[in-house]
Amino acid sequence: CLACKGCKRDCPVNVDMATYKAEFMAHYYKGRLRPRSAYAMGLIYWWSRLASFMPGPVNFAFKVPGLSAAIKAAGGIHQKRSFPPYARRTFRSWMEGRGAHAGGRGSVILFPDTFTNFFQPRVGEAAVEVLEAAGYQVQTPPRVLCCGRPLYAEGMLGRAKRLLRQIMDTLGPMTEDGTPVVGLE
């Protein structure tokens with residue numbers, strides 16, 4: 001289960017296996033240690049925030065055979081998997097360095113998820129280019145946020161709920177005037 005919710009959409013009675021899985025895992029692991037991979041993947045937002053301060057050395061460590069193997073073993077990651085490289089510059093730092101561009105059609109808020117921000121900022125940059133070409137002024141949240149999706153997939157619902165509250169507290173005032181939020185998938 002990748003928690004894509006395709007099963008709910010395709011099921012004639014709307015069975016949502018992703019939610020069942022998340023709830024089961026949350027209850028099952030309450031008061032128990034989770035598999036190492038759950039901490040490696042579920043907490044990727046926090047690992048990525050740390051790695052963003054030194055993406056070069058982190059990416060290097062991911063490529064050094066013995067060190068890479070040790071990191072994978074510690075994180076419960078299969079040895080044949082490869083790590084995605086962290087971007088040299090996050091999407092947020094790119095946005096902060098470029099300044100605001102006026103748009104005649106109003107503003108939109110672009111929500112940079114963990115993967116866009118830390119791994120593939122070019123996706124966010126392309127989205128900004130498209131939105132600006134369409135006449136919008138693109139804003140981003142004033143702080144780094146995480147959608148909580150990796151936590152949800154691992155059944156870490158308490159942490160996911162706290163991140164959702166951060167999103168609501170941050171984006172709520174920004175959207176009171178009807179400004180749309182754009183997410184990237």
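Me: What makes Phe119 count as buried or exposed?

Reply: This is a predicted model, in which local features need pLDDT of at least 70 and side-chain atom pairs count only at pLDDT 80 or more, while totals for chains, interfaces and linings use all residues. Residues are numbered from 1 along each chain as its sequence is written, and side-chain values use heavy atoms, with hydrogens and water left out. Buried means under 20% relative accessible area, exposed means over 50%, and partly exposed lies in between (1.4 Å probe, protein chains only). Phe119 has a relative accessibility of 13%, and therefore counts as buried.

Me: Where is Phe119 found, and which residues is Phe119 in contact with, leaving aside neighbours within four places in sequence?

Reply: Phe119 is found in the loop between helix 8 and helix 9, where helices (H or I, at least four residues) and strands (E, at least two) are DSSP runs numbered from the N terminus. Contact means heavy atoms within 4.5 Å, and, with neighbours within four places in sequence set aside, Phe119 is in contact with Ile44, Ser48, Pro84, Pro85, Tyr86, Ala87 and Thr114. Ser48 lies 71 residues from Phe119 along the chain, yet their C-alpha atoms are separated by 8.6 Å.

Me: Why is Ser68 called buried, whereas Asn14 is called partly exposed?

Reply: Ser68 has a relative accessible area of 6%, so Ser68 is buried. Asn14, at 48% relative accessibility, therefore counts as partly exposed. Ser68 has its place in helix 6 and, residues up to four places away in sequence not being counted, touches Ala61, Phe62, Lys63 and Phe83.

Me: Why are helix 5 and helix 6 called roughly perpendicular to each other?

Reply: Two packed helices are described by the angle between their axes and the distance between the axes. Axes are lines fitted to C-alpha atoms, for helices over the stretch in contact, and angles run from 0 to 180 degrees between N-to-C directions. Angles under 35 degrees count as roughly parallel, over 145 as roughly antiparallel, 65 to 115 as roughly perpendicular and the rest as oblique. Helix 5 and helix 6 pack at an angle of about 95°, with their axes 5 Å apart, and the pair is therefore roughly perpendicular. Ala61, Phe62 and Lys63 of helix 5 make the contact with Pro65, Leu67, Ser68 and Ile71 of helix 6.

Me: What makes helix 7 oblique to helix 9?

Reply: The axes of helix 7 (residues 91-98) and helix 9 (residues 121-133) come within 8 Å and cross at roughly 40°. That angle makes helix 7 oblique to helix 9. The contact is made by Phe91, Trp94, Met95 and Arg98 of helix 7 and by Pro121, Gly124, Glu125, Val128 and Glu132 of helix 9.

Me: How do you know which residues line the largest pocket, and which lie closest to its centre?

Reply: On a 1 Å grid over the protein atoms alone, a cavity is a set of points where a 1.4 Å probe fits but cannot get out, whereas a pocket is an open set with protein on both sides within 12 Å along at least five of seven lines, and lining residues have an atom within 4 Å of a point. The largest pocket has a volume of about 1600 Å³, a volume being the space filled by probe spheres set on the points, which are joined across faces, edges and corners. Of the 47 residues that line the largest pocket, Met41, Ile44, Phe115, Phe119 and Pro150 are the closest to its centre. Helix 3 gives the most to this lining, with six residues.

Me: How do the residues of that lining divide by class?

Reply: Ala, Val, Leu, Ile, Met, Phe, Trp, Tyr, Cys and Pro count as nonpolar, Asp, Glu, Lys and Arg as charged, and the others, Gly among them, as polar. The lining of the largest pocket divides into 29 nonpolar, eleven polar and seven charged residues.
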